[in-house]
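Reader: Please go through the helix packing and the chain contact in this model.

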Amino acid sequence: MMSPRRALAWTAVLAVLALVFAAYFSPHLVVDLASRVWACF
Amino acid sequence: MTQVLVCGAIIVTLSMGIRHGFGLWLQPITMDRGWSRETFAFALAIQNLAWGLAGPLAGMVADRFGAFRVLLIGSLLYALGLVMMALATSGLAFTGSAGLLIGLAQSGTTYAIVYGVIARNVAPEKRSWAMGAAAAAGSFGQFLMVPVESWLIGHTGWQNALFALGCLALVIIPLAFGLRQPPAAARSGPQQSVAAAVREAFAYPSFRWLMAGYFVCGFQLAFIGVHMPSYLKDRGLMPDVATTALALIGLFNVFGTYATGWLGQTLAKRHILAAIYLLRALAITAFLLLPLTAWSVYVFAAAMGALWLSTVPPTNAIVAQIFGVQYMSMLGGFVFLSHQIGSFLGVWLGGRLYDMTGSYDLVWWIAVALGVFAAIVNLPVRESAISRPLPQPA
């Protein structure tokens, strides 16, 4: 059984990961990243 | 242990993260300076080679004189390299800064150096987990810094973005205080010379098998990381598919590295490594044989992401298990050198064979064959501590 403290830590980690993942899908970043990634080739 | 782990994890987050988005500077720098893409690519190739070649030396210094000094110099070189990268007006200066200086900085601030301290401060039964946690932090740094660096370039300009990263690299210095430890001479137990440690490792077949596996790891990751967008473009997929794939690789990489470190506490690490390389070969095979769609790319990216840096904790944990922790950073540096040679070949051969054959198919199948080879050569690795003759009484 996971302790409440550990569960809270894992929740925080997952929330941060979800936030960063979401950042990749902001319209500005998608266009920016796509153009830069493609520009490399 | 907590202090070492937290400081080490943040250091690796910064050192792995800062350099990960360097591709984002290609367009603004080459346009502003009027350089060819080759100038930029050459500097990054030198960076990767310098990182690998300096790794054993940086590791040896860290093992002998403490990781703190190496981290301090590494952090300063990192900041200096970033600032000079922003100010470089010739290809030579750019290669010296973005290539040589930052490559040397990485050899002094990334996994091998931090793992040496972790290995010496964490109980053997928890070492694999601790290495997994630190590797996951490095993976998170890579995942985090791409959008951060894109935002910085977009809002402050490419030069100011590099200055900001230079300041960020200096944050490694206060964190390095958390990894201070007594120099090798002050530690208890029998001491081995550097030359004896190197001779012993290279004469031991399992060390060579680990190096061979890590070579394959570098080959596969560098080929996919560099040539994948080009491959998708050739096959008619939209640019946003590559961006989503990049995000998925980054996300699953964090879980994969942590999971293999955690699994290494209970399972044989050679079996974990063999499974990783075999699963990579299977994932690439399925990707090549199934119809290519946006969703097949996403599934492949998630699978490869989970297997991306997952080789790092078990490989380094085995090195510590076999040879002990006295020269952990140096031996980790040698194994990493093999990784970087594989990376160099993965990038170069990918381009070379594409030019020769007009497609990436041959390199993809080489990556599959190498994956099977790496799975096989990791199976006979002996994880038990090497037996050394007892010191003779004087």
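Predicted model: local features only at pLDDT ≥ 70, side-chain atom pairs only at ≥ 80, totals over all residues.

Author: Residues are numbered from 1 along each chain as its sequence is written, while chains are lettered from A and ligands numbered from 1 in the order in which they are written.

Reader: Are H12(B) and H14(B) roughly parallel or roughly antiparallel?

Author: The axes (lines fitted to C-alpha atoms over the stretch in contact, with angles from 0 to 180 degrees between N-to-C directions) of H12 (residues 239–263) and H14 (residues 294–306) of chain B come within 6 Å and cross at roughly 30 degrees. Angles under 35 degrees count as roughly parallel and over 145 as roughly antiparallel. The pair is therefore roughly parallel.

Reader: Which helix gives the most to the side of chain B that touches chain A?

Author: Contact (C-beta atoms, placed from the backbone, within 7 Å) joins 20 residues of chain B to 16 residues of chain A. H2, H7, H11 and H12 of chain B each supply at least two residues of that side. The most, 8 residues, comes from H12(B).

Reader: How many of the 17 residues of H5(B) are buried?

Author: H5 (residues 91–107) of chain B reaches 23 Å from its first C-alpha to its last. A residue is buried if 20 or more other C-beta atoms, placed from the backbone, lie within 10 Å of its own. The buried residues of H5(B) pack against H1, H3 and H4 of chain B. H5(B) is largely enclosed by the rest of the structure, because the buried residues number 12.

Notes
Helix = DSSP H or I, 4+ residues; strand = E, 2+ residues; numbered from the N terminus. Parallel < 35°, antiparallel > 145°, perpendicular 65-115°, else oblique. Contact = placed C-beta atoms within 7 Å. Expected span 1.5 Å × (residues − 1).
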